[in-house]
Amino acid sequence: MIYIKEVLPNPVGRDTEGEWIKIVNTGDNSIDMSGWKVYDASGKTFSFKQGYSIAPNKEATLTYQETRIVLNNSGDTLTLDRKSTRLNSSHIPLSRMPSSA
C-alpha cells in the first residue's frame, strides 16, 4: 500500500525552504511511481518522473524544491493519485497548522 504518511506545511522560517510531503510504501514490492501525481486543493500538481520508484517498506520525502507545491498554513488537502484513476488515491486534509517551532 502506498499513501501520504506525513506533511510539514508550516515550518519555522520560509515555507519554500522547509515544507515537505512524505509518501510511504508499506508493501513488499517496489512501487513504480511513474504516472502518479500529488496535488492540493487549488490544483497545484507534482507528477513523478518516469522511473521514480519507492522501495518496499520505505518512504520518500518530497520537498518544495521538488514539488513546487506551497502548502496553505490555514488548511489544505493533498491527494495522491495514480495515473487517471482514483482507485489508489490518498487524501490528507490539513487543518490550520501551527509553526513547527
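With which residue does Lys22 form a salt bridge? The partner is Glu6, the closest N and O atoms of the two side chains being 4.0 Å apart; a salt bridge is taken here as a side-chain nitrogen of Lys or Arg within 4 Å of a carboxyl oxygen of Asp or Glu. The pair links distant parts of the chain, with Lys22 in strand E2 and Glu6 in strand E1, 16 residues apart. Helices (H or I, at least four residues) and strands (E, at least two) are DSSP runs numbered from the N terminus.

The structure is a predicted model, in which local features need pLDDT of at least 70 and side-chain atom pairs count only at pLDDT 80 or more, whereas totals for chains, interfaces and linings use all residues. Residues are numbered from 1 along each chain as its sequence is written, and side-chain values use heavy atoms, with hydrogens and water left out.

A search of the whole structure finds 4 salt bridges. Besides its bridge to Glu6, Lys22 is joined to Glu59, with 3.5 Å between the closest N and O atoms. This second pair also links distant parts of the chain, Glu59 being in strand E7 and Lys22 in strand E2, 37 residues apart. Lys22 counts as buried because its relative accessibility is 18%; buried means under 20% relative accessible area, exposed over 50%, and partly exposed in between (1.4 Å probe, protein chains only). Glu6 is partly exposed at 34% relative accessibility, and Glu59 is likewise partly exposed, with a relative accessible area of 34%. A further salt bridge is formed by the side chains of Asp40 and Lys44, at 3.3 Å from N to O. Asp40 is buried, with a relative accessible area of 2%, whereas Lys44 is partly exposed at 29%. Salt bridges that share partners join Lys5, Glu6, Lys22 and Glu59 into one network.

Glu19 presents another case of a buried charged residue, but one that has no salt bridge. The nearest side chain of opposite charge is that of Lys44, 7.4 Å away; Lys and Arg count as positive and Asp and Glu as negative, while His and the chain ends are not counted. Glu19 is located in the loop between helix H1 (15-18) and E2. A polar atom of the Glu19 side chain lies 2.9 Å from the backbone nitrogen of Leu71. Leaving aside neighbours within four places in sequence, the contacts of Glu19 (heavy atoms within 4.5 Å) include Leu8, Pro9, Pro11, Leu62, Ile69, Val70 and Leu71.

The largest nonpolar core has 17 residues, and those with the most contacts inside it are Ile21, Ile23, Val38, Phe48 and Leu80. Such a core is a set of buried Ala, Val, Leu, Ile, Met, Phe, Trp, Tyr and Cys residues joined through side-chain atoms within 4.5 Å. Strands E1 (2-8), E2 (20-25), E4 (36-40), E7 and E8 each supply at least two residues of this core, and the largest share, 3 residues, comes from E1. Val38 touches, among others beyond four places in sequence, Ile21, Ile23, Phe48, Leu62, Ile69, Leu78 and Leu80.

Strand E8 is largely enclosed by the rest of the structure, because 5 of its 7 residues are buried. E8 pairs with E4 in the antiparallel sense over 5 bridges, where strands are considered paired if DSSP finds at least two bridges between them. Lys37 stands opposite Asp81 in E8.

Several loop residues are exposed. Asn57 lies in the loop between strand E6 (53-54) and strand E7 (58-63) and is exposed, with a relative accessible area of 53%. The phi angle of Asn57 is near 55°, a positive value in a residue other than glycine. Arg68, in the loop between helix H2 (64-67) and strand E8 (76-82), also has a positive phi, near 60°, and is exposed at 52% relative accessibility. Asp28 occupies the loop between E2 and strand E3 (31-32) and is exposed, with a relative accessible area of 68%. Not counting residues up to four places away in sequence, Asp28 touches Pro56 and Asn57. The C-alpha atoms of Asp28 and Lys58 are separated by 9.9 Å, although these residues are 30 residues apart along the chain.

Methods: Polar contact = N/O pair within 3.5 Å; in protein donor to acceptor, adjacent residues only side chain to side chain.
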